[in-house]
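Subject: Structure handover

Hello,

The structure we talked about is below, with its sequence. My notes follow it.

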Amino acid sequence: MNIYIITCLFTFMSAVFAAVSLTDNGTSFILRNDYATVTIAKSSGFITSLKYNGSNQEFLNRSYIDANGGKVYFSPNSNKIIKNTSSHVEVAFYDTYRSGSKLGLDWEVRYTMLSDTKGVYYSLTNTHKSNYPDTSYSEIRLVLRLKANVFNYLQVEDNVARVMPSAADQNRCVEKGPKEACQLPNGEVIHKYDWSVDMLKHQVHGFSSTSTGLGCWYVIPSMEWKNGGAYNRDLSCHQGGNDSLQIMYMNGSHYGGGDATIKKGENFQKVYGPFLIYLNKANSVQASWNDAKNVANAEGKKWPYSFVSQPGYVKERGKVIGTLAINNPLTGTRIPLEDAVVTLVQPQSDTEPIPNQQWRHMSHWAHSLSGNTANFIIYDVIPGTYQLRAWSKNVVGEFVLDKLVTVKANEVTNLGKFTFSENRIAPVLWEIGVPDRTAMEYKHGDHFNQWGLYYKFETDFPNGVNYYVGKSNYAKDWNYCQVSIPGKDGKYIGVPWNIYFNLDKIPTGTSALRISIAASSYSALSVALNDGKVSPEIKDLVDDACIRRDGIRGIYRELEFKYEPSAFKIGENKFTLYSRKTGGYQTYYSFDGIMYDHIRFEAPFDSSAPNTTQQPVTVTKTTTAVVAKTTNTSSTVTNNANATCNKLYWQCGGSNWKGSTTCCEGVCQKYNEFFSQCVPSGSSNNNSQNIETTTQAPKPTVAPVKPGTIFIAGDSTADDDGAHNGKTNGWGKYLGNYVISNVKNHGYSGQSARTFWRDGRWKSLIAGVSKNDYVFIQFGHNDVGGPNASSEKGSAGGEGDETVTVTRSNGQKEVVHTFPWYIRQMCNEVIAKGAKPVLLSYTPNFSFTNGKVGEGSRFQGFMKLVANEMNIPYIDLYSLIARKWEELGESYIKNNQWFPTDYKHTSAAAADFNAQMVVTGIKCVNIPDLIAALNSKGNSVNNQCKY
């Protein structure tokens, strides 16, 4: 009986690996072990067959290796068996430069299978000898064209996955703009760039099968060879009719990655990989994905691989350690680091255009660093000379060590402690956004990877962006990108953006508007103050294609616009940002523009500073603050408001704030180190980023009304009985232990927003709601896949009133709406009853990468979007749980068996923990009615508000 249970729970087919064999049948090499069979054509060097042993299912339609988007194909003129033993087989293919070759390169492709390899390893070496002609390439890739009717589930990140549309529907797709996007017969638009990935933490991408359980994955133990390195984003997987395209861009140019240009007379060699083409079989697509991630972690620990004999591959490596700190130059105090990165890049040649990108050579990095000072270790560094660069969330700029770093084999290079100083010329009066090299915190930014958001700007902002410091909310009132709109002549024209702010004193010295660019394409930027003289244009912003290719981060840039006191006035002032198209397709789309990472205004109010009447505006372009010492300069700012209390939406705190911290109404909400603002009691903290406070709530200004009943609408993660398997529970079962109100839990396993609305569960819930009740609404786990998925649970693409009409398996027609549409309807019906809705993001899946829980999906962002629109409390339960998990550690959760059956459904203990985090969210968001409804056990919950 015990053996039977173990067999049922064991997800993946296993085997005792005995040996590996190599067969030459005259036309192909066949590599086989107990796990997989791989066939490679001797004439082309391309894989022609992939099979998982124990299954006759062929994975491939075809595969190929090419460069520059199919303009150059790998074409070997010889091959060789490198090794053929019972534990290791390896074959090589050589495409040697010869007269007429389109690229001045030698290519060596190797395929390796060990006795325990669960697939096959691939590697490529490119060599340019000094007598070869000039050559340049933008892309080099390996493409597996899998059978789309089998491998129909794409996944590239924890939160980026979907069932792909059928080949028949793809073949009827209507081209949109950009041309890579197309509209399916059901109205949904698919865009291959929606499945691009950032290389900084990337390890796995590929496809699995909803019908067979098979999976095919690229497992990447190191990205040291990827052009662009830690900065890079690139295409990974996408649709292709009868083919599901699984692509490894060893060199790619889709998001501003520069061409590799090698001159005659130069010797150059680069090894890409090896990486693993991993085959698996599981009982679900999510289990297949989790297995591939586990294998990626295991492969990473083997790096550099001991089995590699390929020329140019370096096994003897070094290690770099040090301590990073970044100071506020005005105070000499540390700026707390969060998710910081330290990267080593090999110096570039003069011919390569972007100094802070790694185009041709190798780079190594450490990420996810935090603390006032951050110790880092960069492992397995190839010996050589490097430049060290660093950046961090909540810090403006990119920092370069003022000396090169030399790494030697089998040695530790200890850089000691080094301190950079952020660029800052005066105290911060206000800022917009969060410095994190993305535009994710702005409108649409938290669901950026979907087609067509740039088209929404004209509707969302019919009068352009007019942002009022102290009143506006950048999550709603600042678009994720500044794009053009159609003019009267049909051509697209730029729309100025305005930032309004009040001064009751004139700055006493030079001030700066510091603008951090997250991405740009074919645009020039200029700034005016109070409709005065416009600054010289910044014309050299790089086209990184991030906007048109549905990204959220591109090539970073820091800009400093300086102003003298005479340019300001008492009362309302205005900065205007002008973005002008400089190229691209001028006449028929608005894909070009600028994504802002962060904007900060720095101004001195020291009465001892010299008063000047100079008028000129100067612009300094900065990419880094090249400082390797602490600057101890202090400065203070005179407060703009001397009142004993601050009105609603007035500033009430910050690192340079000297005024009152008391609000006349509402509560003083901290948004970051520099800015706190008076907001209404019970506001949803929509601007807050990584707030850390205790859960003790301020006293509300009006008497709270305790709800008679708290209703719950949700899925299995809230359901009393979890997944209905007798081993799991949802948090809704335990919420009643923490409140004096009744709890009626309508959460049910397998539900999405669409099914909860369609199948009558919402109708049943709302019928019982009375005045002053609260309704918690939480969906997102089962809403993936789109409207045509066989589960019949997915919503239509978009965030408005878009619809898709489908025919269900029972033959009935159904009009499928967007996820936000369903949530809005539910909220409106709650409000119409005199009750109050609360929106919650879904719970995270149990998945760690390097000790961190990944970001949530677009459904987390959709919940926040609706909460912002309707001024409804929003509890970011996903982030609250994720941050607490990271404190507890992955092993703690495993050891306590919080997920007894899978990655999603919780044990009783874990469900109770989640209920406590809901209570934490009630306190963090400060919902007075619900705080008043907490019992003694609820009041004793005392977690921090970490997002």
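β1 and β2 form a hairpin, with three residues between the two strands. Gly26 sits in that turn and has a positive phi of about 100 degrees. The labels follow DSSP: helices are H or I runs of at least four residues, strands are E runs of at least two, and both are numbered from the N terminus. β1 and β2 (residues 28–32) run antiparallel and are joined by four bridges. Asp24 has Phe29 in β2 as its bridge partner. Strands count as paired when DSSP finds at least two bridges between them.

This is a predicted model: local features need pLDDT of at least 70, side-chain atom pairs count only at pLDDT 80 or more, and totals for chains, interfaces and linings use all residues. Residues are numbered from 1 along each chain as its sequence is written, and side-chain values use heavy atoms, with hydrogens and water left out.

β3 (residues 36–41) and β4 run antiparallel and share five bridges. Thr37 stands opposite Lys51 in β4.

The protein overall

The protein has 15 helices and 57 strands. Of its 947 residues, 61% are buried. Buried means under 20% relative accessible area, exposed means over 50%, and partly exposed lies in between (1.4 Å probe, protein chains only). The accessible surface is about 35400 Å², and carbon and sulfur atoms hold 47% of it. Areas come from the Shrake-Rupley method with a 1.4 Å probe; for residues, only the protein chains shown count as cover. Among contacts with a separation of 6 or more, 71% link residues 24 or more positions apart. A contact means heavy atoms within 4.5 Å.

The nine-strand sheet

Nine strands form another open sheet, ordered β7-β8-β9-β10-β25-β20-β19-β13-β14, with antiparallel pairing. β7 (78–84) and β14 (160–163) are at its edges; each has a single partner strand, so one side of each lacks a neighbour in the sheet. β9 (residues 106–114) and β10 (residues 119–128) pair antiparallel over seven bridges. Glu108 stands opposite Thr125 in β10.

Cores

The largest nonpolar core has 122 residues. Tyr111, Ile277 and Phe376 have the most contacts inside it. β25 (residues 268–281) gives the largest share, eight residues. Domain 1 (21–302) and domain 2 (318–421) each supply at least three residues; the bounds come from an automatic or database domain assignment. Apart from this core lies another, of 74 residues, including Trp898, Phe899, Ala910 and Val918. A nonpolar core is a set of buried Ala, Val, Leu, Ile, Met, Phe, Trp, Tyr and Cys residues joined through side-chain atoms within 4.5 Å.

A covered strand and a buried Asn

All five residues of β49 (residues 709–713) are buried. Thr709, Phe711 and Ala713 cover one side, Ile710 and Ile712 the other. β49 runs parallel to β50 (residues 742–745), with four bridges, and Ile710 pairs with Val743 there. Four bridges also join β49 to β51 (residues 774–777), again parallel. Ala713 has Ile777 as its partner in β51.

Asn914 lies in helix α13 (residues 908–925). Asn914 is buried, at 4% relative accessible area. Leaving out residues up to four places away in sequence, Asn914 touches Trp731, Thr843, Leu877, Ile881 and Thr906.

Backbone points to check by eye

- Gly177 and Pro178 are joined by a cis peptide bond, omega about 0 degrees. Pro178 is in the loop between β15 (174–175) and β16 (181–183).
- Trp303 and Pro304 are also joined by a cis peptide bond, omega about -5 degrees. Pro304 lies in the loop between α3 (285–301) and β26 (318–327).
- Asn394, not a glycine, has a positive phi near 75 degrees. Asn394 is partly exposed at 24% relative accessibility.
- Asp531, not a glycine, has a positive phi near 60 degrees. Asp531 is exposed, at 56%.

Best wishes
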